[in-house]
Amino acid sequence: MSLSVILPAAGRSTRFSQLPPGAMASLLHPAMKKPFLELAGQPVWYRAIVPFLQRSDLSQIVVAVSPEDQRWFEDRFRAQITSGPIRVVAGGEERADTVESGLREIDSSVELVAVHDAARP
């Protein structure tokens with residue numbers, strides 16, 4: 001049996017960032033978004049996938065980030081991305097769009113797909 005994981009990380013972090021009402025979340029620097037902050041020395045998004053990386057049946061992990069954050073994410077977290085079968089893709093406007101974007105990247109031979117929130121290690 002093979003497993004793939006989709007990690008939606010394209011959110012705006014508006015609740016976490018404490019932006020005032022009406023402020024544009026797109027102005028928030030990616031480094032200030034909850035999944036991209038460090039927790040005990042590791043990025044929150046990476047902590048969320050560590051249990052999956054330890055599975056022998058893991059085929060791939062797809063991290064879906066907002067298109068505006070993708071280049072920054074790939075540069076900032078290159079070491080973590082290259083440490084396993086991790087692929088970064090552009091997410092969508094809504095969570096469902098982001099998950100769909102991740103599903104398009106899953107190999108057709110994969111039998112199980114898990115969707116796990118990047119902000120919840």
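Biologist: What should I know about the model before reading it?

Modeller: It is predicted, so local features need pLDDT of at least 70 and side-chain atom pairs count only at pLDDT 80 or more, while totals for chains, interfaces and linings use all residues. Residues are numbered from 1 along each chain as its sequence is written, and side-chain values use heavy atoms, with hydrogens and water left out.

Biologist: In what order do the strands of the open sheet come, and is the pairing parallel or antiparallel?

Modeller: Strands of a sheet pair through backbone hydrogen bonds, either parallel or antiparallel. Here strands and helices are DSSP runs numbered from the N terminus (E, at least two residues, for strands; H or I, at least four, for helices), and two strands pair if DSSP finds at least two bridges between them. The four strands follow the order β5-β4-β1-β6, with parallel pairing. β5 (86-90) and β6 (112-115) each have a single partner strand, so one side of each lacks a neighbour in the sheet. On average, neighbouring strands are turned by 20 degrees against each other, direction ignored.

Biologist: How many bridges join β1 to β4?

Modeller: Seven, linking residues 3-9 of β1 to residues 58-65 of β4. In this pairing, A9 is opposite V65.

Biologist: Is A10 buried or exposed, and what about A40?

Modeller: Buried means under 20% relative accessible area, exposed over 50%, partly exposed in between (1.4 Å probe, protein chains only). A10, in the loop between β1 and α1 (14-17), is buried at 14%. Its contacts, leaving out residues up to four places away in sequence, include A64, V65 and T98. A10 and A90 are 80 residues apart in sequence, yet 7.9 Å apart in space, C-alpha to C-alpha. A40, in the loop between β2 (38-39) and β3 (42-43), is exposed at 67%. A40 also has a positive phi of about 50 degrees, although it is not a glycine.

Biologist: Where is L103, and how accessible is L103?

Modeller: L103 sits in helix α5 and is partly exposed, at 43% relative accessibility.

Notes
Axes are lines fitted to C-alpha atoms, for helices over the stretch in contact, and angles run from 0 to 180 degrees between N-to-C directions. Contact means heavy atoms within 4.5 Å.
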